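Hi,

Here is the structure I promised to send over. Have a look at it first, and my notes follow below.

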Amino acid sequence: MDLFDKISADIKSAMLAREKVRLETLRGIKKEFLEAKTAKGADGTLTDDQATKILAKMAKQRRETAEIYNSQNRPELAENELAEASVIEEYLPRQLSEDELTAELQEIIQQTGATSAKDMGKVMGVASKALAGRADGKAISAKVRELLA
């Protein structure tokens, strides 16, 4: 069962369980998936890889919005955004720990032959593709900068 079908099935179970936040979040995910499927230039299908990228983007948006709400002293709105982010994250692959991220990046650095901060772009290009969905871009960038310094 691909992610699109899993989301559709989970919408039904959220309706039956009367889980309002979960239902709204899942409907939002399905909307994004449908838009990606029918976008200009799309072939009408959605791979799990594409779906994972969409989910990662949505989760990141929710976390950033929650930070803004917290900085504006609106905890009730931030709470809702974080609840939605946690629902979205259930469908993402497990995130890498700091140690796992370091190990993966050291391997990529060896593969690319990077030796200094000048080679950061080369490493980031490979790392972004290899770690997509499993680590945040900011975390990857910070760790690569640290390892090449």
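Which helices do the buried residues of helix 3 pack against? They pack against helix 1 (3–17), helix 2 (20–38) and helix 4 (75–89). Before the rest, some housekeeping: this is a predicted model, where local features need pLDDT of at least 70 and side-chain atom pairs count only at pLDDT 80 or more, while totals for chains, interfaces and linings use all residues. Residues are numbered from 1 along each chain as its sequence is written, and side-chain values use heavy atoms, with hydrogens and water left out.

The overall picture: the protein has seven helices and zero strands, taking helices (H or I, at least four residues) and strands (E, at least two) as DSSP runs numbered from the N terminus. The C-alpha trace spans about 55 × 45 × 30 Å along its principal axes. Of the 149 residues, 34% count as buried, where buried means under 20% relative accessible area, exposed over 50% and partly exposed in between (1.4 Å probe, protein chains only). Among contacts (heavy atoms within 4.5 Å) between residues at least 6 apart in sequence, 59% join residues at least 24 apart.

Back to helix 3. Its 24 residues (48–71) should span 34 Å at 1.5 Å a residue, and the end C-alpha atoms are 35 Å apart, which agrees; the expected span is 1.5 Å times one less than the number of residues. The buried residues in helix 3 are Ala-51, Thr-52, Ile-54, Leu-55, Met-58, Ala-59, Arg-62 and Ala-66. Just after helix 3, Asn-73 takes a positive phi of about 60°.

Glu-84 forms a salt bridge with Arg-62, with the closest N and O atoms 2.8 Å apart; the term means a side-chain nitrogen of Lys or Arg within 4 Å of a carboxyl oxygen of Asp or Glu. This pair links distant parts of the chain, with Glu-84 in helix 4 and Arg-62 in helix 3, 22 residues apart. Both ends are buried, Glu-84 at 12% relative accessibility and Arg-62 at 16%.

The whole structure holds 12 salt bridges. Another one joins the side chains of Arg-22 and Glu-90 (3.0 Å, N to O). Arg-22 lies in helix 2 and Glu-90 in the loop between helix 4 and helix 5 (98–112), so the pair ties together parts that are 68 residues apart in sequence. Arg-22 is buried at 18%, whereas Glu-90 is partly exposed at 48%. Glu-19 joins Arg-22 and Glu-90 in a network of salt bridges.

Over in helix 7 (residues 137–148), Lys-143 and Glu-146 are three residues apart, so about one helical turn separates them. Their salt bridge has its closest N and O atoms 3.5 Å apart. Lys-143 is buried at 8%, but Glu-146 is exposed at 53%.

On the aromatic side, the count comes to one pair, using ring centres within 6.5 Å for Phe, Tyr and Trp (its six-membered ring), with planes under 30 degrees apart stacked, over 60 edge-to-face and the rest tilted. Phe-4 and Phe-33 form that tilted pair, 6.4 Å centre to centre and 35° between the planes. Phe-4 lies in helix 1 and Phe-33 in helix 2, so the pair ties together parts 29 residues apart in sequence. Phe-4 is buried at 12% and Phe-33 at 0%. Lys-37 lies over the face of Phe-4, at 3.8 Å from the ring centre; the rule asks for NZ of Lys or CZ of Arg within 6 Å of the ring centre and within 35 degrees of the ring normal.

Cheers
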